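User: I would like to learn how to read features in a protein model, one at a time. Could you take me through a few of them?

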Amino acid sequence: MQFNNFDTATFLRDYWQKRPLLIRNPWQSWRNPLSPDELAGLACEDHVESRLITQLSDDWNAEHGPLPKTRFGELGKSPWTLLVQAVDHHVPEVAALIEPFRFIPNWRIDDVMVSYASDGGGVGPHFDHYDVFLIQGLGQRRWQIGGMCDDQTALRSHEDLLLLANFEAAEEWILDPGDMLYIPPGFAHNGVAVGADCMTYSIGFRSPSRKELIGNWCDDLLPQMTDDDRYCDPDLSVQENPGEIPETAIDRLHAMLTEKLTDRAAFVRWFGTYSSTPRYPETDWRPEEPIETEHLRGLLTADHPLFRNPASRFSFVREDGDKLLLFVDGECFPCADETAALAEMLCAQDQFVIDPEWQNSNAVVELLAGLYNRGSLSFDWG
């Protein structure tokens with residue numbers, strides 16, 4: 001899937017994280033990549049995260065998957081919505097929806113959630129802390145956009161759904177197949193299916209909070225510290241009031257914390273592994289049999305294309321010279337020379353044929369074999 005008429009530079013300048021934008025069918029040729037029955041089948045799988053939202057008047061109920069196959073036949077005429085997370089991890093045609101959005105860095109891309117709704121179905125008025133593109137895949141949906149919200153915005157009392165207590169629409173559109181709506185973080189919105197067979201693809205973008213970063217960064221640092229790394233003051237002198245915590249002590253205590261938190265090189269490695277950790281690490285993508293380097297080299301020589309696992313996360317950070325750190329699925333791989341060039345290609349393309357000049361490089365073949373045996377690369381996807 002590719003855009004036919006979408007100015008990414010103008011979008012980033014005027015709309016990204018600033019204001020919503022309706023884009024009428026920007027695709028070269030829109031084709032719904034997943035059927036409702038296929039989506040329902042995924043919702044029945046143990047390893048797939050899903051929810052079923054049902055409505056009765058102003059009451060909302062949320063059921064968490066996996067759902068029994070008989071559940072869909074039990075739904076009555078009241079509006080309902082099926083939500084399935086990370087469908088791009090399981091359906092290559094859905095994963096292809098992400099490619100046109102690669103003008104946004106890989107580490108910011110989360111997943112593609114797919115929803116199916118009966119007439120009148122939705123998840124209620126709410127807001128998100130992240131950017132989202134809402135692509136209408138099948139049928140129609142009415143979208144209403146409200147004002148800005150934050151953590152102080154009043155919510156309705158509900159165990160599973162973060163529904164706004166008060167919602168007033170400022171703008172409203174009906175989206176047809178192929179139409180797309182961008183909503184920045186914090187904007188209230190409400191989508192309601194118009195007619196039957198309404199499918200929407202939500203491409204979400206991760207936006208870590210300061211709280212999340214500090215908490216997880218500290219969790220990573222703590223195991224590296226020892227109890228004998230303690231405050232000391234060998235130059236202690238008598239002070240006028242023993243109840244005062246002097247400025248020199250505060251400076252030392254503060255330095256004990258900040259010198260760890262401000263270690264940029266350590267933070268780079270931590271954030272690379274943290275941000276590339278799979279969302280569903282319990283899913284085992286490893287091949288049944290690990291591949292040997294010589295077998296892999298033979299496949300590369302025969303120009304067999306390699307594919308990135310849609311569930312894998314690839315990113316890199318440049319270091320000095322031609323060195324860089326490649327991060328894949330929570331692992332860090334220091335790279336230099338030809339492996340650095342390979343790492344850049346791995347992050348830029350979802351499928352590729354290895355250059356003949358690299359096929360004789362032991363470092364290249366070993367890196368590819370390691371990623372293959374982790375399930376991050378394969379000859380079979382696509």
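User: Where is the place of aspartate 160?

Analyst: Helices and strands are DSSP runs (H or I of at least four residues for helices, E of at least two for strands), numbered from the N terminus. In this predicted model, aspartate 160 sits in the loop between β6 (132-148) and β7 (171-175). Residues are numbered from 1 along each chain as its sequence is written, side-chain values use heavy atoms, with hydrogens and water left out, and local features need pLDDT of at least 70. Side-chain atom pairs count only at pLDDT 80 or more, while totals for chains, interfaces and linings use all residues.

User: Is aspartate 160 buried, exposed or partly exposed?

Analyst: Buried means under 20% relative accessible area, exposed means over 50%, and partly exposed lies in between (1.4 Å probe, protein chains only). Aspartate 160 counts as partly exposed because its relative accessible area is 33%.

User: With which residues is aspartate 160 in contact, leaving aside its neighbours within four places in sequence?

Analyst: Contact means heavy atoms within 4.5 Å, and by that rule aspartate 160 touches Arg51, Ala62 and His64. A polar contact is a pair of N or O atoms within 3.5 Å, where, within protein, one must be able to donate a hydrogen and the other to accept it, and residues adjacent in sequence count only if both atoms are side-chain atoms. The side chains of aspartate 160 and histidine 64 make such a polar contact, at 3.2 Å.

User: How do I read the length of helix α6?

Analyst: The expected span of a helix is 1.5 Å times one less than its number of residues. Helix α6 (residues 264-276) has 13 residues, and the 18 Å from its first C-alpha to its last is close to the 18 Å expected.

User: Which residue caps the N-terminal end of α6?

Analyst: That residue is aspartate 263, which has a side-chain oxygen 3.4 Å from the backbone nitrogen of alanine 265.

User: Which residues of α6 are buried, and what covers them?

Analyst: The buried residues of α6 are Val268, Trp270, Phe271, Gly272, Thr273, Ser275 and Ser276. Their cover includes α4 (210-221), β11 (314-318), β12 (324-328) and β13 (331-335).

User: How much of the whole protein is buried?

Analyst: Of its 382 residues, 43% count as buried. The secondary structure comes to 10 helices and 15 strands, and the C-alpha atoms fill a box of roughly 80 × 70 × 45 Å, taken along the principal axes.
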